[in-house]
Amino acid sequence: MVARIYKPSRNAMQSGVAKTKHWVLDYEPEHARRVEPLMGYTSSADMRSQIHLSFETKEEAVAYCEKRGIPYRVYEPHEAGRRRMAYSDNFAFNRTGQWTH
């Protein structure tokens, strides 16, 4: 079973960068999830899907995998480009877009 090492991205309900500064190690699913026929719950027989380890740096996570002989894949993070803009820029004379009500 292959481990994934990645830096989590922020979710859609989050405006800040909290809980995105550490690296996470979890395992790729070995078996597909299935729907339990009586209640309709989604379940899996894969016990490693419950393991989520967090590390301060990518190198710590890689060292953990290499020490224990776990095959791994590292996914580099995609940094979001931030655009600084003040509220007064909405009313500037040199505004490039149209101003609408």
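**Exercise 1.** Decide whether Leu 38 is buried or exposed.

*Solution.* Leu 38 has 71% relative accessibility, so it counts as exposed. Here, buried means under 20% relative accessible area, exposed over 50%, and partly exposed in between (1.4 Å probe, protein chains only). Next, find its place: Leu 38 sits in the loop between strand E3 (34-35) and strand E4 (42-43). Strands (E, at least two residues) and helices (H or I, at least four) are DSSP runs, numbered from the N terminus.

A word on the model: it is predicted, so local features need pLDDT of at least 70 and side-chain atom pairs count only at pLDDT 80 or more, while totals for chains, interfaces and linings use all residues. Residues are numbered from 1 along each chain as its sequence is written, and side-chain values use heavy atoms, leaving out hydrogens and water.

**Exercise 2.** Work out which strands pair with E1, and how they run.

*Solution.* Two strands pair if DSSP finds at least two bridges between them. Start with E2: four bridges join E1 to E2, and the two run antiparallel. In this pairing, Tyr 6 stands opposite Val 24. Now take E6 (residues 72-75): four bridges join E6 to E1, and these run parallel. Here Ile 5 has Val 74 as its bridge partner.

**Exercise 3.** Find which residues of E1 lie on its covered face.

*Solution.* In a regular strand the side chains alternate between the two faces of the sheet. On E1, Ala 3 and Ile 5 form the covered face, whereas Arg 4 and Tyr 6 form the uncovered one. Finally, look at a neighbor: Val 62 touches Ile 5, among others, not counting residues up to four places away in sequence; contact means heavy atoms within 4.5 Å.
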